Amino acid sequence: QSFQLQQPQDTVSVTAGETITLTCTVSEGGRPGPVKWLKGWGTENQTVYEQTGSSPRVTRVTTGSNTDFNIQIRDAQPEDAGTYYCVKFLKRRSVLELFMHGRGTVVSVQAKPTHPVVSGPDHRGSPGQLVTFTCTAGGFFPKDISVKWFKDMAQVSSQPPQISPEHTKSSYNMSSTVTMMLQKDDVRSQLVCEVQHPTLTAPLRGTYQLRESLRVSPSVRVVTDSVSSIEVNKTVNISCHVEGFYPGDVAVTWLENRAEIKAENNARPEETQQGLFKLRSLLEVQATEQKNGSVFTCQAVHDGQDPVSGIFTLWISVPAK
């Protein structure tokens, strides 16, 4: 009747990676039987510490003491959160009987969220198209977390983040989405997801370059160095200007009356100040009488899309016979 067990801590809160210290003292001269630490109660409990051996992370503060059963759990993780009980058992023959236990210490482990990751759509979109972007972070506790979105320096409105799973109290995951209309000048813009949490001294930021989701189709112009009709047997230079496209992969082909022909000069795309690309392809044609009225087509296939074309009709001034 004089035996006492004291477990004074109601709550203990640590940050992930720190050490959890749990306090329990018992009076001298108790009846035979071990003192253990249990996590949880009832059928769901698990033994955290017992004198015959425990996890390497769990150690006694005062080794060998018969009254001081304070323990330390090193490198706290979110899954260590829960209610811990100091329990005295009585040993009757070879059976242990529960004799007395503390009122329980609720342990919470604060954990920082992982670095936010921003993902975009699977396929590129065109200017004017609505596109959804997602920001995810996980492994944090407590549940309180806030998310802000920015396009360059301007804040973008978004829905409150989705927090999951609700049934687990050790750590949480977060998903936040924002829907934006793509613009032609988004080639140089970036999207920022900013996450704030009680464990953080400064927000965490995930970034996404909008050009990864953007496709800007080219315009095609076909011009020649001759203003009027060309004299027979003269060489005419036909230029194809493929302009204002992103990304920079484009395939240019020339057709003469719908039959593909080889161009002598097919330059590589070059980047403009706006971050878009342009390309100039040159075709030299001998203005023979047979080519009078021929239609030359410059065809650009950009990023696997339908061809964009420009045409030039060759008119030759044939001298009167």
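How many residues of domain 2 are in contact with how many residues of domain 3? Five residues of domain 2 touch 10 residues of domain 3, where contact means heavy atoms within 4.5 Å.

The model is predicted: local features need pLDDT of at least 70, side-chain atom pairs count only at pLDDT 80 or more, and totals for chains, interfaces and linings use all residues. Residues are numbered from 1 along each chain as its sequence is written, and side-chain values use heavy atoms, with hydrogens and water left out.

**Exercise 1. Describe the interface of domain 2 and domain 3.**

Step 1. Take the bounds, which come from an automatic or database domain assignment: domain 1 is 5-110, domain 2 is 117-212 and domain 3 is 219-317. The centres of domain 2 and domain 3, taken over C-alpha atoms, are 43 Å apart.

Step 2. Take the buried area, the accessible area (1.4 Å probe) that two parts lose on being put together, summed over both. For domain 2 and domain 3 this is about 570 Å², with 57% of it on carbon and sulfur atoms. On the domain 2 side, Arg124, Val187 and Arg188 lose the most area to domain 3, together 71% of what that side buries.

Step 3. Look for a salt bridge (a side-chain nitrogen of Lys or Arg within 4 Å of a carboxyl oxygen of Asp or Glu). One salt bridge is counted between the two domains. Arg188 forms a salt bridge with Glu271, and their closest N and O atoms are 3.2 Å apart.

**Exercise 2. Place Thr105 in the fold.**

Step 1. Thr105 belongs to strand β11, residues 105-110. Strands (E, at least two residues) are DSSP runs, numbered from the N terminus.

Step 2. Thr105 counts as buried because its relative accessibility is 0%; buried means under 20% relative accessible area, with a 1.4 Å probe and protein chains only.

Step 3. A polar atom of the Thr105 side chain lies 2.7 Å from the backbone oxygen of Gln9. Leaving aside neighbours within four places in sequence, Thr105 has contacts that include Gln9, Leu22 and Tyr84.

**Exercise 3. Place Leu5 in the fold.**

Step 1. Leu5 sits in strand β1, residues 5-6.

Step 2. With 13% relative accessibility, Leu5 counts as buried.

Step 3. Leu5 and Cys86 are 81 residues apart along the chain, and 8.2 Å separates their C-alpha atoms. Leaving aside neighbours within four places in sequence, Cys86 is among the contacts of Leu5, as are Cys24, Val26 and Met100.

Notes: Helices (H or I, at least four residues) and strands (E, at least two) are DSSP runs, numbered from the N terminus. Buried means under 20% relative accessible area, exposed over 50%, partly exposed in between (1.4 Å probe, protein chains only). A polar contact is a pair of N or O atoms within 3.5 Å; within protein, one must be able to donate a hydrogen and the other to accept it, and residues adjacent in sequence count only if both atoms are side-chain atoms.
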